[in-house]
Amino acid sequence: MLLAIESSCDETAVAVIRRDADGVSLLTSLISSQIEIHREFGGVVPEVACRNHAQRIRPLVQAALEDAGVALDNITTFAATRGPGLASSLLVGLSYAKGLAAATGKSFYGVNHMEGHLLSPFLDSGKSEPHLGLIVSGGHTLLIDVRSFGDYRLLGRTIDDAAGEAFDKVGRMLELPYPGGPEIEKHAREGNPKAFRFPRAVLKDDPLNFSFSGLKTAVLYQLQKLEDPQSHLADICASFQASVIESLVKKTLLAAKETSHRIIAISGGVACNKALQEALATAVEKEGLELRLSPPALTTDNAGMIAFAALLASENRTPDDLNIGIDPNLKVCGVANR
Ligand code: KG4
Ligand code: ZN
């Protein structure tokens, strides 16, 4: 029985997971979102996030234990995200989880947030299966060859903006509320994806790498050219989204071919995008491959994915020392950020 805390950015989250003979059960996964608070600033304000984590963590742990119907004494292992993320935010969750482990004399695991995303589509099956993983979040765009738990090889990454970052920056240009991703998806549904022809970066020397900054600039120039940009909002959103999706799908399929993986999994906030899911599902089906997704609650930042990664860690390695600290630049496959 493992309790995990996630506090790397602006969501305070707590989950309880259990492994028994029947497999893995996520008993609860609670999220206390701060999106409304940060929306006013158009992005996450680290100090505000940290203060809110500190206020929310204790009642959220209580609520999670109640929701799971588990007493603190029954938790055998504690875990928390140790990076990458905002230093002041990470500190709150990690310190609290280590405090619980110290007070109860139980073991502790520090978790890489990106590994949490990467493995999240496998929570249902209870094990990390060999696959090609695409992580598309606010800070990262990564294509990873996953051979087994902990054995990861980086195949591609963004050379500038992350996919979610591009959604958020274009959202800001379009004066949409933060975060831009879900807003752009909403407006794109009403628009024509062929209305504007935005670029798709090819990157001949590194075909599995991504680049979204040229696309972002192309949208900006287009907006400057239009007399009344707001009247083209849906078409701009649809055309921008189509460009991002085309790059993601093409490179993912190329990486699948190169690695011969039969399973493709997508994770991270942008993986919530229904148009992306549909485009990938179509492409994957055409190749006779299998697509793994998680439900939205396990796709954007959450503690369920951290609990699952920690559970696998507890089955594969010895616990971490309680001296372990945060690492805001913690790397997965040698990539610190983006
Ligand atoms: O994984 P996540 O919750 O946090 C990070 O670790 O970054 O990802 C957040 C990102 C934001 O950039 C947000 O705009 C994007 O995921 N996002 C979406 C959608 N939902 C969230 N992007 C496109 N379409 C969506 N439906
Ligand atoms: Zn994340």
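User: Why is the contact of Glu-246 and Lys-250 called a salt bridge?

Analyst: Happy to walk through that one. In this predicted model, the side chains of Glu-246 and Lys-250 come to 3.5 Å, N to O. A salt bridge asks for a Lys or Arg side-chain nitrogen within 4 Å of an Asp or Glu carboxyl oxygen, so the pair Glu-246 and Lys-250 at 3.5 Å qualifies.

User: What makes Glu-246 and Lys-250 about one helical turn apart?

Analyst: Both sit in helix H8 (residues 233-259), and they are four residues apart there.

User: Why is Lys-250 called exposed, and what is Glu-246 called?

Analyst: The relative accessible area of Lys-250 is 56%. Exposed means over 50%, so Lys-250 is exposed. Glu-246 has 29%, which falls between the 20% and 50% limits, so Glu-246 is partly exposed.

User: How do you know that Glu-165 and Lys-169 form a salt bridge?

Analyst: Their closest N and O atoms are 3.3 Å apart, and the limit is 4 Å, so the pair passes. Glu-165 and Lys-169 are four residues apart in helix H5 (residues 163-173), about one helical turn.

User: Are Glu-165 and Lys-169 buried or exposed, or in between?

Analyst: Glu-165 has 14% relative accessibility; buried means under 20%, so Glu-165 is buried. Lys-169, at 26%, is partly exposed.

User: What makes up the side of domain 1 that touches domain 2?

Analyst: Helices H1 (35-39), H4 (113-119) and H10 (304-316) each give two or more residues to that side of domain 1. H4 gives the most, with five residues. By type, the residues on that side are twelve nonpolar, six polar and three charged. Domain 1 and domain 2 bury about 1900 Å² between them, and 71% of that area is on carbon and sulfur atoms.

Conventions. Residues numbered from 1 in each chain as written. Chains lettered and ligands numbered in written order. Predicted model: local features only at pLDDT ≥ 70, side-chain atom pairs only at ≥ 80, totals over all residues. Heavy atoms only, no water. Buried area = accessible area lost by both parts, 1.4 Å probe. Nonpolar A, V, L, I, M, F, W, Y, C, P; charged D, E, K, R; others polar. Buried < 20%, exposed > 50% of the residue type's maximum accessible area, 1.4 Å probe, protein only.
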